[in-house]
Amino acid sequence: MTDDADGVEVDAEDPEVGDAEADADEGADPETLDDPLAERVAEYDADLAEEVADVVGDRNRLAEDVEDLEAEVEDLEERLQRVQADFQNYKKRAKRKQAETEERATEDLVTRLLDVRDNLTRALSEESGDADSLREGVEMTKRELDRVFEDEGVAEIAPEPGTETDPHRHEVMLQVSSDEPEGTVAEVYRPGYEMGEKVLRAAQVTVSDGSGAGDAGDDE
């Protein structure tokens, strides 16, 4: 037994009482009963929607970045192709220019040597029988040839006897008895030539074995 709101005792086991309480519960507003849960669901939906919006925004920005990078890569590839083409053209121009320079240098040298050849031809065609005249013509031709070499920066390599041998400029042919110190140049067999610091042809020389120098000292 329980007391109702008016202080009247009510039997809780009475079926009519139980039905009345059930009817009272069924008449309650469900939204009022579920308000806390609905609020939590609404907040979760709002947070989820915000996160989805952020992900979508990030995806769109990444897509734009990818497009920009692809465009930049394409531009760089085009620029690289242009640079490669320009470099190939430069190599062709440089090679052609070098060939033209070498050709002009060769033409200039040959042109100057033509005068030397003409002088030799005239000397050989001389029928006077005068040996001195022929010798003079040959010497003049040699002087002219030497001038051509001098203009080209070509110098003769002809070391004096007693000079220390230089393996870069001298080619030792053999060792001979000489009054010069042992191991030094005794005689020039064939002169060499150099242009600037480049040896065109080493001088062929004989070197002294020092035997003559010892005999000279004993005689004294």
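## How α3 and α4 pack

Helices α3 and α4 are roughly antiparallel to each other. In this predicted model, the angle between α3 (residues 35–125) and α4 (residues 131–151) is about 175°. Their axes lie 9 Å apart. Angles under 35 degrees count as roughly parallel, over 145 as roughly antiparallel, 65 to 115 as roughly perpendicular, and the rest as oblique. Axes are lines fitted to C-alpha atoms, for helices over the stretch in contact, and angles run from 0 to 180 degrees between N-to-C directions.

Which residues make the contact (heavy atoms within 4.5 Å)? From α3 come Leu109, Arg112, Leu113, Asp115, Val116, Asn119, Leu120 and Ala123. From α4 come Leu134, Met140, Thr141, Glu144, Leu145, Val148 and Asp151. By type, these residues are nine nonpolar, two polar and four charged. Here Ala, Val, Leu, Ile, Met, Phe, Trp, Tyr, Cys and Pro count as nonpolar, Asp, Glu, Lys and Arg as charged, and the others, Gly among them, as polar.

## Salt bridges

How many salt bridges does the structure hold? There are eight. A salt bridge puts a side-chain nitrogen of Lys or Arg within 4 Å of a carboxyl oxygen of Asp or Glu. One of them joins Asp151 to Arg112, with the closest N and O atoms 3.8 Å apart. This pair links distant parts of the chain: Asp151 sits in helix α4 and Arg112 in helix α3, 39 residues apart. Asp151 is exposed, at 58% relative accessible area. The cut-offs are under 20% for buried, over 50% for exposed, and partly exposed in between (1.4 Å probe, protein chains only).

Arg135 and Glu139 form another salt bridge, with their closest N and O atoms 3.1 Å apart. Both lie in helix α4, four residues apart, about one turn of the helix. Arg135 is exposed, because its relative accessibility is 56%. Glu139 is partly exposed, because its value is 36%. Arg169 also bridges to Glu194, and the closest N and O atoms are 3.1 Å apart. Arg169 lies in the loop between β3 (154–157) and β4 (170–176), while Glu194 lies in strand β6 (residues 192–195), 25 residues apart. Arg169 is partly exposed at 26%, whereas Glu194 is buried at 16%. Salt bridges that share partners join Asp108, Arg112, Asp151 and Glu152 into one network.

## A sheet of three strands

An open sheet of three strands has the order β4-β8-β5, with mixed pairing. Strands β4 and β5 (185–190) are its edges, each pairing on one side only. From one strand to the next, the twist averages 30°. Two strands pair if DSSP finds at least two bridges between them. Strand β5 and strand β8 (residues 203–208) run antiparallel, joined by four bridges. Val185 stands opposite Val207 in β8.

## The whole chain

The protein chain has five helices and eight strands. Helices (H or I, at least four residues) and strands (E, at least two) are DSSP runs, numbered from the N terminus. From that end, the elements run β-β-α-α-α-α-β-β-β-β-β-β-α. Of the 220 residues, 13% are buried. Among contacts with a separation of 6 or more, 59% come from residues 24 or more positions apart.

## How the values were computed

Residues are numbered from 1 along each chain as its sequence is written, and side-chain values use heavy atoms, leaving out hydrogens and water. In this predicted model, local features need pLDDT of at least 70 and side-chain atom pairs count only at pLDDT 80 or more, while totals for chains, interfaces and linings use all residues.

Key
Contact = heavy atoms within 4.5 Å.
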